[in-house]
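Please view the sequence and the structure below before reading on.

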Amino acid sequence: MDDKGDINVDAEMDAEKILAIFRFSALEKNMISSFGIQRDLFLPFLLSLKSGGSWSYAAEEAKSIAVKDVITYYDEDNMAGYTLEKIYLFIDPEIIKEEGVVFRLEKCGEREERELVERPYRITLRAKRVIFAEVNPGLKEIRIRELHKKTILLKGTPAYSAAHELEHLEKGGVKGTPIWKFEYVKDQ
């Protein structure tokens, strides 16, 4: 309100935003509780959903990783589409099988430059529990469920991401060759 007692439009907008955030947070809390999983194990999922990317978390008694995959659907006739995000939350994941080798550049955490690392092209993970979400920006929906199967094959980007997050859990950090060890080659 201003000096005359009129409602300030900016404050009203802020109040609406705060109420929307509280509503979303309450829905999120109920969703997490519905799975009966230790709340902090959902942190990688929440970070993936809100900040993007893949994440990992470890406590003394359990660990979890969230791995994100994206698929863009585009209608050429309407010239419109959306990118569906698939997020897998693995509780106590373990590697069953790795196939292939892909050399790629990755940036991790606080590091200033990307580093060259080797990742498997395919990775098969087994977990005690697998929670799967599809985030559809076109519908503004987050559909989430627990998968019955406990073994998942990932390939390409999700496989690289899973390997990266598992390296965090196993070794604490990701080690590679810094990009400043590359050489520039000028084509003629």
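## Aromatic pairs and their surroundings

Both Y88 and F132 are buried. The model under discussion is a predicted one. For both residues, burial corresponds to a relative accessible area under 20%.

The aromatic pairs in this model number 5. Two of them, Y73 with Y82 and Y88 with F132, are set out here.

| Pair | Centre to centre | Angle between planes | Class |
|---|---|---|---|
| Y73 and Y82 | 5.5 Å | 35° | tilted |
| Y88 and F132 | 4.9 Å | 50° | tilted |

The pair formed by Y88 and F132 joins two strands: Y88 belongs to strand 3 (residues 80-91) and F132 to strand 8 (residues 129-136), so the contact ties together parts that are 44 residues apart in sequence.

Are Y73 and Y82 buried or partly exposed? Y73 has a relative accessibility of 38% and therefore counts as partly exposed. Y82, with 30% relative accessibility, likewise counts as partly exposed. In contrast, Y88 and F132 are both buried.

A further aromatic grouping is the cluster made up of F35, F42 and F45.

As to annotation, the unreviewed UniProt entry assigns "domain: Retropepsin-like aspartic endopeptidase" to residues 44-146. Within the model, the span of residues 44-146 is 62% strand and 8% helix. The C-alpha atoms at the ends of this span lie 16 Å apart.

Note on methods. Residues are numbered from 1 along each chain as its sequence is written. This is a predicted model: local features need pLDDT of at least 70, side-chain atom pairs count only at pLDDT 80 or more; totals for chains, interfaces and linings use all residues. Side-chain values use heavy atoms; hydrogens and water are left out. Rings of Phe, Tyr and Trp (its six-membered ring) pair if their centres lie within 6.5 Å; planes under 30 degrees apart count as stacked, over 60 as edge-to-face and the rest as tilted. Buried means under 20% relative accessible area, exposed over 50%, partly exposed in between (1.4 Å probe, protein chains only). Helices (H or I, at least four residues) and strands (E, at least two) are DSSP runs, numbered from the N terminus. UniProt positions are given in the numbering used here, feature names are shortened, and annotations may be inferred rather than shown by experiment.
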